[in-house]
There are 2 protein chains.
Amino acid sequence: MSFYPGISLITLGVADVARARHFYERLGWRCSPASTPDVAFFKLNNIALALFGRQDLLSDAGFADADLSDTRLAVAQVEPQPGAAPAFSLSQNHGGTGAVDRALQEAVAAGGALLKTGQATSWGGYHGMVADPDGHVWEMAWNPHFPLAPDGTIDLPC
Amino acid sequence: MSFYPGISLITLGVADVARARHFYERLGWRCSPASTPDVAFFKLNNIALALFGRQDLLSDAGFADADLSDTRLAVAQVEPQPGAAPAFSLSQNHGGTGAVDRALQEAVAAGGALLKTGQATSWGGYHGMVADPDGHVWEMAWNPHFPLAPDGTIDLPC
């Protein structure tokens, strides 16, 4: 199997790398020395995070040269839409409802925008949502059904 | 630190959960029994992946109730734009150029759309890009600068 079940790095497209980097550094995250003015890398618990200019991301991903008449690319057209709603979210799980609330507060204090205050969920847990300065959505969650390792990795049934 | 440097789960917003699930299952990935018709979970190397209806994702993230006059949400408005270009990419790293090419081929065989064939990069590595059926971008990369664990985790300098 070549396309293995794993992710090595997630890249967020941002309007301004320095501004985006500042938000995550205000949370106490330490940027990797591999970073440059054009790209900021953070080593997370179990994956790497990159902040990269949104236009650079699009160019690098090959959209300029892709055959956009390919219907499989109907939702991935070449022009970025600044008003577009996000198509994904990043979740970080916590050990309880208090920790969820503290994480939401910390994100807001660092310059994030609260989307949803901490609240009980239909699936028996508790969560809230906050957006980073580029609108990327972070869910802070307590999920009693998924065992949680100290580094934030969750143990899905398999 | 409450908003810790880590991601537990990434959720991709999709048009059709069954179709999206089928793509990843054709790659040989096994869906977690925690999955339902509304959400598909995959346990990856080091993180969990969820496939969830795009509208459900937006509702769940609180966009319907968020104060959209908050300028920090300028790029995260309430109406999804189906033609929007992606604002992020997922990377999986490989041990060499041949493995990158095989992963791209495997993704196309499973129904993905090739964005960029495998090629040398400006940073001294090799990569190619492919989109899943919802346009989410996967980069397949060989990066000689980042040590690679057998499970795909990369070791950033820190």
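The model is predicted: local features need pLDDT of at least 70, side-chain atom pairs count only at pLDDT 80 or more, and totals for chains, interfaces and linings use all residues. Residues are numbered from 1 along each chain as its sequence is written, chains are lettered from A and ligands numbered from 1 in the order in which they are written, and side-chain values use heavy atoms, with hydrogens and water left out.

Select B:Lys116 and A:Asp60 to begin. Their closest N and O atoms are 3.4 Å apart in a salt bridge. This pair crosses between chains, linking strand E5 (residues 113-120) of chain B to helix H2 (residues 54-60) of chain A; helices (H or I, at least four residues) and strands (E, at least two) are DSSP runs, numbered from the N terminus. B:Lys116 is buried at 13% relative accessibility, whereas A:Asp60 is partly exposed at 25% (buried: under 20% relative accessible area; exposed: over 50%; partly exposed: in between; 1.4 Å probe, protein chains only).

Next, select A:Lys116 and B:Asp60, which form a salt bridge at 3.5 Å, N to O. Here strand E5 (residues 113-120) of chain A is joined to helix H2 (residues 54-60) of chain B. A:Lys116 is buried at 14%, and B:Asp60 is partly exposed at 25%.

Finally, move to helix H1 (residues 17-26) of chain B, where B:Arg21 and B:Glu25 lie 4 residues apart, about one turn of the helix. Their side chains meet in a salt bridge of 3.0 Å, N to O. B:Arg21 is partly exposed at 28%, as is B:Glu25 at 33%.

Definitions and conventions. Salt bridge = Lys/Arg side-chain N within 4 Å of Asp/Glu carboxyl O.
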